[in-house]
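Dear colleague,

Please read them with the model open beside you.

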Amino acid sequence: MMTNGMFEEGINVAEIKVPELAESITEGTIAQWLKKPGDYVEKGESVCELETDKVNVEIMAEESGVLQQLLANEGDTVAVGQAIAIIGEGAASAPTAAPQAAQPTDETPTVPADRAEQQAPQPVAVAQAPGQRPVASPAARKMAREKGIDLTQVPTVDPLGRVRKQDVASFAAQPAAGSQAAPQPAPTAAPVSAPTQASAPSAESGKLVIREKMSRRRQTIAKRLLEVSQSTAMLTTFNEIDMSAVMELRKRKKDKFLEEHDVRLGFMSFFVKATVAALKKYPYVNAEIQGDEILLKKYYDIGVAVSTDEGLVVPVVRDCDRKNFAEIERDIAELAAKARSNKLSLADLQGGTFTITNGGVFGSLLSTPLLNGPQVGILGMHSIKLRPVAIDEERIENRPMMYVALSYDHRIIDGKEAVGFLKTVKDLIENPEDLLLES
């Protein structure tokens with residue numbers, strides 16, 4: 001967002017401000033500046049990356065001009081509507097027609113045009129000179145900030161010298177980070193560059209510790225989980241599901257399903273459809289408390305938890321009662337890909353009525369998931385394990401079994417409803433033909 005104005009000598013200038021993002025987001029943190037003072041910026045070009053409680057967003061220039069001044073530094077917390085930079089007319093390092101290939105961006109390193117051709121094909125380890133802004137991907141910059149690593153000390157094998165996330169990870173994993181950087185005048189390199197994040201001896205034991213600043217998203221996750229545990233009467237009930245029928249059906253249909261719909265048939269679509277059927281039967285599990293009132297929701301927007309490098313996010317699959325298995329699987333795959341590439345929008349994360357989380361993908365056998373407020377219920381899936389099951393009084397068979405958990409807010413959901421909800425999910429998964437009829 002930009003506000004026009006006039007500064008000295010009649011030069012047209014504009015303030016770049018933090019735009020309105022969402023009703024629940026009032027501030028963010030400057031993750032990184034993509035432009036520096038003196039750079040020429042085109043209309044619609046991103047000038048900085050803003051880290052919010054939910055997603056990272058890029059703030060774009062609404063007019064072309066020269067970036068005159070930065071009003072906030074990387075790491076600063078800024079409020080919605082706050083001016084963070086000034087853009088306008090004037091002398092600057094604007095790109096010209098000939099040297100555009102040498103303009104420093106996140107995709108192109110600062111290399112003179114007549115040397116770029118001979119340097120590009122040489123895949124050798126490169127470290128930036130001290131004081132020079134390194135060329136690095138946004139993911140690499142974020143990891144470096146969190147680990148307190150100076151990007152100028154990180155070697156890379158990228159032919160163009162771009163520091164990637166895996167370069168930072170490899171550098172951080174070295175016994176003495178920075179000791180294998182490109183040759184520098186100093187005899188040794190410091191482990192990290194930021195004093196507030198550097199490894200330091202513990203005051204009590206003298207042993208090595210590392211202090212890291214929590215990201216804004218991790219701080220928000222911690223705050224909200226604590227609020228949920230303190231403001232709800234949360235209880236968890238458990239059951240187990242025999243996955244034999246679903247696994248057999250999936251085995252028979254997965255190839256044809258992929259051929260017809262161009263998406264894999266997973267277990268999550270079965271659980272989403274079973275959850276919708278159970279929510280229709282037990283509507284208070286699909287509700288929300290607002291003051292002294294209960295808001296019963298007659299739509300079914302199911303959040304599916306996705307783990308990313310920056311923490312857990314819960315994008316929402318809309319109108320699950322109106323979608324078939326293929327549509328649900330496609331939505332889940334697209335949202336998961338957007339989450340892991342940091343491309344989720346705020347709209348992708350808002351308005352869920354119920355959440356499903358699958359700790360089983362990481363090997364979890366049993367857990368008590370925490371509510372995703374203001375929702376009052378969350379279903380936890382877990383690992384599928386072969387276990388001996390009594391079929392009748394005479395037979396015991398090894399069956400693929402999954403423990404499931406329903407955490408719920410006991411203020412509006414009674415134990416009978418919670419147990420009934422979970423048993424409905426169990427019965428439908430164990431009898432997928434009934435699930436198809438429910439759909």
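Which residues have the most contacts inside the largest nonpolar core? They are F271, F354, F421, V425 and I429, in a core of 56 residues; a nonpolar core here is a set of buried Ala, Val, Leu, Ile, Met, Phe, Trp, Tyr and Cys residues joined through side-chain atoms within 4.5 Å, and buried means under 20% relative accessible area, with exposed over 50% and partly exposed in between (1.4 Å probe, protein chains only). Helix 6 (residues 268-281) gives the most to this core, with 9 residues, where helices are DSSP runs of H or I with at least four residues, strands are runs of E with at least two, and both are numbered from the N terminus. A second, separate core has 17 residues, among them A14, A61, I84 and I87.

Please bear in mind that this is a predicted model, in which local features need pLDDT of at least 70 and side-chain atom pairs count only at pLDDT 80 or more, whereas totals for chains, interfaces and linings use all residues. Residues are numbered from 1 along each chain as its sequence is written, and side-chain values use heavy atoms, leaving out hydrogens and water.

There are 2 aromatic pairs, meaning rings of Phe, Tyr and Trp (its six-membered ring) with centres within 6.5 Å, stacked if the planes are under 30 degrees apart, edge-to-face if over 60 and tilted otherwise. F270 and F325 are edge-to-face, at 5.0 Å centre to centre and 65° between the planes; because F270 lies in helix 6 and F325 in helix 7 (residues 325-340), this pair ties together parts 55 residues apart in sequence. The rings of F354 and F421, with centres 5.5 Å apart and planes at 45°, form a tilted pair, which links strand 19 to helix 9 (residues 415-430) across 67 residues.

Best wishes
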